[in-house]
Amino acid sequence: MSALRITDLLFRWPRQSAPCLDIPRFELARGERVFLHGPSGSGKSTLLGLLGGVAVPQAGRIELLGQDLAQLRSHARDRFRADHIGFLFQQFNLLPWLSALDNVLLPCTFSARRKQRAEPDPRTAAKRLLTQLDLVAELWPQPAAELSVGQQQRVAAARALIGQPEFLIADEPTSALDTERQQIFIDLLLRETAAVGATLIFVSHDRRLAAHFDRTVALDEINRVKPGAVS
Amino acid sequence: MRKTLLLIALLAIPPAARSAPAHVHGAGHLDVAIDKGQITIALELPLDAAVGFERAPKNDKEKAALVAADKALKDAAALFMPTPAANCTLQSVKLDMPQFAGGEHADIDASYVFRCAAAAELKGIETTIFKQFKRLYRLETQRSGPNGQGAARLTPKHPVVSW
Amino acid sequence: MNAVLRLAALSAWSRRLTLGLTLVAIVLATTLLLAVERIRVDARQSFSQSVSGVDLVVGARTGAVQLMLYAVFHSGAASNNIGWNSYQAIAGHPAVDWAVPLSLGDSHRGFAVLGTRADYFRHFRFGEHEALRFTAGEPFASVFEAVVGSEVAARLGYAVGQEITLSHGIGETGMGEHGDKPFRVVGILAATGTPVDRTVHVGLEAITALHLDWVGGMPMPGLNIPPQLVAKFDLQPKEITAALIGLKQRSDVFRMQRFINEFRGEPLLAVLPGVALDELWQAIGTVERTLLAISALVVVVGLAGLTATLLAGLNERRRELAILRALGAGPRDLFLMLTAEGLLVTTLGALLGLALTSLGSSLAAPWLLERFGVVLGARLPGAGELELLGLVIATGLIASLIPGWRAWRMSLADGLTPRI
């Protein structure tokens, strides 16, 4: 069973006539770590929204871990997302008024499954992840807003990984970091993803990062809508 | 504030409001006393409110209007309706129609006595007087009863004294 | 859902300064609204509790409310007195069961002095037909004896046997002392929560005696009649301020009122105390409603401020909402989160407003009592107050639905990537 299978996907934003995504076929194996690139405005974020179940395609199927997302009602899609997907964004990933540790624990308050899979217990798991991601213990109780961007991204990575979600979706998580820190961060991310055996989609417009990944996919290879066709 | 209250009172209430009820066309006075199962009602109406003029009748139509008003005011059981559960019955009616002895104004005075078998059930009195006399638009009412005293202004929209 | 509410609380706490200011506005608005309502209800309550069982109050011809205010509440001043003969004619009317004369105009250290008869203590009723009770002593029996109300005794520390002097006129200092004719306190009344508590009662004859050697509101120069000689004079008053009348039959009240209003000897006015109070309420009802309406508007302004604050904050919190969305929160959760935040602030504001009202009214109660004769009860909030409180919270809920709805729409439009 594949981690992700997209067939005949067609998506158009409301109040727009032309489709934004038209993907006949796209598949990812379990544990695969994929680099997805494309210029900005090519529909990367839209695709991630569809994978997360916050938007629904007009046509086609998205099967995530064997589950057809269209079969789920919106509430169940929210649950599915919480249970199986860890998200990482560009920056401002964290709730600024929560401590670093509490930010990491957030997925466990939204998903019973991830709480249960955070072994031996969520707090210990969170601390272990933060340690593995090289965040010193003095920073754990600090409000997220007081951390540096690099530290914040590592906390965000720990949050995405806690409770061993099968899927990790990272959207330009390194764009706010300098080159050296980008390398370090990607290495950390790949290592931790491999450790839990998760499937990773890493989205970026910066093709120089592609070398670290099992496979590289250009969005315009799989999407029949060409960039520039949509605003 | 004490002075303010006094000032409000002075402004809002015409002096000697109750000493000699002013004759205002369209406005009558109603006094209701309830004591030991007996309701005493005193009604004072400007003649104008009942028949539309305040002098001796000039023609048959005006004479007929006076007769009609006289009849309506004597039919107290239809005019005043105490709470049905109190089981009140009309005891007496006294009606003084104006004698047109001169002067600018003429008033009708009427008094009614009801006796109630179940006085404890008495919660209020509704009047149909505004339906009878379309020119009447308010009745300034005083009441005194076992539940204390009070004032109310009855109008066609709110023709009920209650306590 | 619990997680969302917990996060809502934490998020609100992180914006406590902005929300705190909004909260203060809501607290003050609620306090204003509740205070207006409480004073309105308690003023009515204390006024209507002040007299019962009196069929008619008789005085010189003036307004019904004025007559009530000075005869029962010892507030304001009588424009005219009524002749003793008129009083006697009325008291002797066959329909009259009892009549008590009242004479006002003197004071004792800011408290009103009421000249009356010992009958007053027997016939006067307050609240639900409660009679006056003595906590110490007994009614006055001779000229220079006085009975004081509970508050007079408590505030001035009087006990039976205390000697006091009265002042001419009203006011803290008075217009002249009746220092040559001291009184002895012979009785102290139990608290009633009515103007009686703030009154010094003396015999009608005492008032005459005090003014034997006075002319035109001033002590007559060179004339001083010592107390021991007072008994040699005719102490029958020539006039009194007002009279309280009880009838044998209540059904006679309007006939008697008419008789007094058309009295031949002099222009008199008879009012039914309850009727006069209702007329007072009718008169100030408009003012009260206006005050309540203004306070309600202030509450609406406060809640509009809440809505504005939440909406303004929402734009800055778009990232936060997207993060929560990625973590598995649905649009409904975010709607709930924003609405809960608004409702939390409103409810907290309303409850703090209630607390502030209670605190404020217990602090202001002595002052209100002294200055306006309004007894502000230390009590649970009345039905009217609870209703207003409910309305504030309900309005707050409606005000909070707007940012909630906006968060819902935003989360659907933004998905996981906020457009900022």
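This is a predicted model: local features need pLDDT of at least 70, side-chain atom pairs count only at pLDDT 80 or more; totals for chains, interfaces and linings use all residues.
Residues are numbered from 1 along each chain as its sequence is written, chains are lettered from A in the order in which they are written, and side-chain values use heavy atoms, without hydrogens or water.

I begin with the arrangement of the chains. Chains A and B have no contact, and their closest C-alpha atoms are 51 Å apart.

I turn now to chains A and C. The size of an interface is often given as the accessible area lost when the parts come together. Here the two chains bury about 2100 Å², with 70% of that on carbon and sulfur atoms; buried area is the accessible area (1.4 Å probe) that two parts lose on being put together, summed over both. Of the area that chain A buries against chain C, 32% comes from A:Val54, A:Trp97 and A:Phe110, more than from any other three residues. Each side is counted separately: 24 residues come from chain A and 24 residues from chain C.

What of charged pairs? Across this interface the rule finds one salt bridge, that is, a side-chain nitrogen of Lys or Arg within 4 Å of a carboxyl oxygen of Asp or Glu. The partners are C:Arg325 and A:Asp78, at 3.2 Å from N to O. On chain A, helix H1 (44-52), helix H2 (74-84) and helix H3 (100-110) are the elements that give two or more residues to the side touching chain C; helices are DSSP runs (H or I, at least four residues), numbered from the N terminus.

A:Asp78 also forms a salt bridge within its own chain, with A:Arg81, where the closest N and O atoms are 2.8 Å apart. Why are these two residues about one helical turn apart? They are separated in this way because they lie three residues apart in helix H2 of chain A. Over all chains, the whole structure holds 35 salt bridges.

Notes
Contact means heavy atoms within 4.5 Å.
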